[in-house]
Amino acid sequence: MRFCFQIVGRLAAYCDGALRPEEELRIAEHLRSCVRCRAHAERIGVNTDLFQNLPLFEPPDRTWNFIEEELSRRDPFEPAKLPVGDQRRSTFGLIPRRLVIAVAVVVFAVAVFAVARYSLRLGAQRWELNLASYLDLVDTVVAATGDPKENDFPAAPGFSEVTLADAKAVLDFPVVTPESLPGGYSLAAVQLYRRGDIRALQLRYQNGEGALCLFQIPANVEPSFGNRESEEDKAGGVQCHRTRSQHCVAYRFVLGQTQYVLMMREADLALTDRLIQELRAVYGKTPA
Amino acid sequence: MEEICQGPCLNKWKHRIGIAKNDLDEELIRACQAGDREAFRALYDRFKRKVYSLALYMTGDAELAKDLTQEIFVKVFRDIRMFRFESKFSSWLYRLSTNTCLNALRTRRSLREVGIDEVIGTSAEISANDSPEDREMRSSIRQAVGRAILTLTPPLRAVVVLRYIEGLSYGDIAEALSCSEGTVASRLSRAHRLLERQLRSWHPLPLREDA
């Protein structure tokens, strides 16, 4: 360092003895030959003495009182439960908090997806199982086409016509699919509801004079009849819930793991007894 | 840190004065982290002069310095559980203290700049054995130096106070101010140049202006 401007910014550190030995030597060499820088270094030394003679002061006595009061109000004295080095770790010990948060987010996302995907299992308000709407549909069709006895039941919205074999291949709960039923009814159409893992079956029967239909629903799905009143009844040896609409009556009952909703144009207790007994008999022969 | 516990330091920590300072610091801090109220008070007693003096020389206002001291210690006790012994506690404390003071200087525009005169003028540090003239002279010098420091910009003031009054090393100052040691050195040199004229009349030696 030959020039003053090169060392002027380092003189304070030189006076403090805070430089590396080689730099200190270079500055000392410069100071031996430069009176101006030497005088400047001396003034720095004197100023430093002046600064270092400044005393430290005690804070006023009341200072602690305020701190203590403030801390008591905030209650920061509660003992820490974790060692300081583990502040960012979870209560699971060695698992980092971020990992726990990430896992929680994934679990939450999966739960939300599952609820959205399988909400049909959890409620009865979805249109596919809204049998109140289906009863309305039946009434509307009958009103539009005349004699109710001769009208077939319409296919339920969301159900597709399939063969019996195809339906059985995909159904994951016990169903009965008799080709014929008491009263001369024979199977006319097979409708399948299939969405995700949810399956439901609608069988439509006709006997030339009238029609009936039979819904078969897994036990964990709740069919809904809306605000329609339901009456307790017993038919074919099982407990039933009977619901009426203007041109239809529906019997809801359970056999094993399957819920059945039998729909007829008019209430016929004798026929209903025979139909349900037949279904029970077929169900009894159905392999689990 | 020449004193371990001053003032009403609590008995639990008083008898441990013989322990090495660093060990005692760590023990005190761990006790504070565990919520020991007596340890909080002992820690306050240990560092209160450093913190209060830093705030006083930085602001020149005794009342504000007291408020800042309170604010700093409340922050220390609130955040002490986050201290992980990865650096010196004093560095952590000085960083927090300096930042609090610099923030206060940024946000509070009206300071009682004569406040430091009153504090220095009544300082008990001046020996009672001095003659009245000596006491008057020493008090005047200190007041002048204190006022001169207040003419510096806050960043330059901070390095002067931390280095010469608080006695921190260049490395500790750099850590407290989040800058390099080179920056500390250049700020100190600049501060000396700026203060040279103000302090010249108090220099005890005849200074040579030129060869």
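Is Cys213(A) buried or exposed? Cys213(A) is buried, at a relative accessible area of 0%, where buried stands for under 20% relative accessible area, exposed for over 50% and partly exposed for what lies in between, with a 1.4 Å probe and protein chains only.

1. Basis of the note. This is a predicted model, in which local features need pLDDT of at least 70 and side-chain atom pairs count only at pLDDT 80 or more, while totals for chains, interfaces and linings use all residues. Residues are numbered from 1 along each chain as its sequence is written, chains are lettered from A and ligands numbered from 1 in the order in which they are written, and side-chain values use heavy atoms, with hydrogens and water left out.

2. Cysteines of chain A. The sulfur of Cys213(A) has its closest cysteine sulfur in Cys248(A), at 6.9 Å, which is too far for a bond, given that a disulfide is a pair of cysteine sulfur atoms within 2.5 Å. Cys248(A) is buried as well, with a relative accessibility of 3%.

3. Overall make-up of chain B. The secondary structure of chain B consists of ten helices and zero strands, where helices are DSSP runs of H or I with at least four residues and strands are runs of E with at least two, numbered from the N terminus. Of the 211 residues in chain B, 54% are buried. Among the contacts in chain B with a separation of 6 or more, 63% are between residues 24 or more positions apart, a contact being heavy atoms within 4.5 Å.

4. Helix α9 of chain B. Because six of its eight residues are buried, α9(B) is largely enclosed by the rest of the structure. The buried residues are Tyr170(B), Asp172(B), Ile173(B), Ala174(B), Ala176(B) and Leu177(B), and they pack against α2 (11-16) of chain A as well as against α5, α8 (154-165) and α10 of chain B.

5. The pair α7 and α10 of chain B. The axes of α7 (residues 132-150) and α10 (residues 181-199) of chain B come within 10 Å and cross at roughly 140 degrees, the axes being lines fitted to C-alpha atoms, for helices over the stretch in contact, with angles that run from 0 to 180 degrees between N-to-C directions. That angle makes α7(B) oblique to α10(B), since angles under 35 degrees count as roughly parallel, over 145 as roughly antiparallel, 65 to 115 as roughly perpendicular and the rest as oblique. On the α7(B) side, Ala144(B), Val145(B), Ala148(B) and Ile149(B) meet Leu195(B), Gln198(B) and Leu199(B) of α10(B). The residues of this contact between α7(B) and α10(B) comprise six nonpolar, one polar and no charged, where Ala, Val, Leu, Ile, Met, Phe, Trp, Tyr, Cys and Pro count as nonpolar, Asp, Glu, Lys and Arg as charged, and the others, Gly among them, as polar.

6. Backbone points to check. Phe85(B) is not a glycine, yet has a positive phi of about 65 degrees; Phe85(B) is found in the loop between α4 (62-79) and α5 (89-107) of chain B and is partly exposed, at 25% relative accessibility. Ser178(B), also not a glycine, has a positive phi of about 55 degrees. Ser178(B) lies in the loop between α9 (170-177) and α10 of chain B and is exposed, with a relative accessible area of 62%.
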